[in-house]
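Hi,

Here is the structure I promised to pass on. Have a look first, and my notes follow below.

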Amino acid sequence: MTTVREPETAVRAARSAGRPKAARGFNTPSPARTAARYLLLALVLLLVIGPFLWQLSTSLKGPAEDVFTRTPSFVPDQPTLGNYGRVADTVPVWTYALNSLIVAAVCITGNVVGCTLAGYALARLRFRGAKLVLGLFLATLVLPGEVTIVSQYVLVRSLGLADSLAGVALPGAIAMLNVLLMRTAFAAVPAELDQAALVDGANVWQRLWHIGLPSVRGMLSVIVIFTFIGAWDDFLWPLIVLNDPQKYTLTVGLQYLNGTFSANPRLIAAGTMIAFLPIVVVFGVCQRFFFKGVEEGAVKG
């Protein structure tokens, strides 16, 4: 048996040696290009996650550890959560967080309701001047927010909403970019569905509720996430509108952690982490709806 298998093995080895190696596909990257991509991805990840990890490490360091040492250490020698308690003792952080939540809730409600109605009207309804309205929406995107901030403040003050949370939330209640996003999402839904519902006797509100909204849940999740982040992280506009320290939002109130004559970087880092946690929670709750909406597609079977 051994004398029979050896020639067969030799023949197979000769045939495999004579075959040409399988060539890579047209779009298959080379190993060097793949390594460069992963290296660039690791560099971008380091630039994005690095400051967050450093702030988290600083917030956990005890008072005996030197934050400004020449050889920085990401791992605290004596980790402690006392800095977070000292933040609450220094400033009314929970009052500021509640004010920020109120502003964010008003902005999210306004964008979800207002942008949905406006986007559906621009995408589905036919009325005189629709193109003009769409052009005006597009024109507002050209102007930066700093150009209109003075006129916004004059309008808010004339309405009697200065130094109030309603005045902080009013300019961000409906964003023109979100209106255009909702218009694009509704325009992607086949018009035949609306026509079939119209034949069945459905009115505009029924078509919006039963056909339009189930098809744009992914876009609504995107709007909720970015509206919350924009309202929660806004610093300049609340600083201009509000005068009463008890009405400050969290981003404005945390400036008191940086004193005039002394500043504790551990407290500042802990306050930054407190302001960052709600964003993580909102994104963690809404992101699954976003990806679910993208996977299901616009048309339901």
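Phe 228 touches Leu 101, Ala 104, Ile 108, Pro 278, Ile 279 and Val 282, leaving aside residues up to four places away in sequence; a contact here means heavy atoms within 4.5 Å. Before you read on: this is a predicted model, where local features need pLDDT of at least 70 and side-chain atom pairs count only at pLDDT 80 or more, while totals for chains, interfaces and linings use all residues. Residues are numbered from 1 along each chain as its sequence is written, and side-chain values use heavy atoms, with hydrogens and water left out.

Back to Phe 228. Along with Val 87, Trp 232 and Leu 250, Phe 228 has the most contacts inside the largest nonpolar core, which has 34 residues. (A nonpolar core is a set of buried Ala, Val, Leu, Ile, Met, Phe, Trp, Tyr and Cys residues joined through side-chain atoms within 4.5 Å; buried is under 20% relative accessible area, with a 1.4 Å probe and protein chains only.) The elements giving two or more residues to this core are H4, H6 (145-158), H7 (165-169), H11, H12 (236-241), H13 (250-253) and H14 (265-296). Helices are DSSP runs (H or I, at least four residues), numbered from the N terminus. Another core, of 16 residues, lies apart from it and includes Leu 122, Leu 134, Phe 137 and Ile 223.

Now the pockets. A pocket is an open set of points on a 1 Å grid over the protein atoms alone, where a 1.4 Å probe fits, with protein on both sides within 12 Å along at least five of seven lines; lining residues have an atom within 4 Å of a point. The volume of the largest pocket is about 1200 Å³, counted as the space filled by probe spheres set on the points. Its lining has 32 residues, and Gly 145, Gln 152, Pro 171, Gly 172 and Ala 175 lie nearest the centre. H6 gives the largest share of that lining, seven residues.

The second largest pocket has a volume of about 260 Å³. Of its 14 lining residues, Gly 271, Thr 272, Met 273, Ala 275 and Phe 276 lie nearest its centre. Here the largest share, seven residues, comes from H14.

Cheers

Conventions:
Buried < 20%, exposed > 50% of the residue type's maximum accessible area, 1.4 Å probe, protein only.
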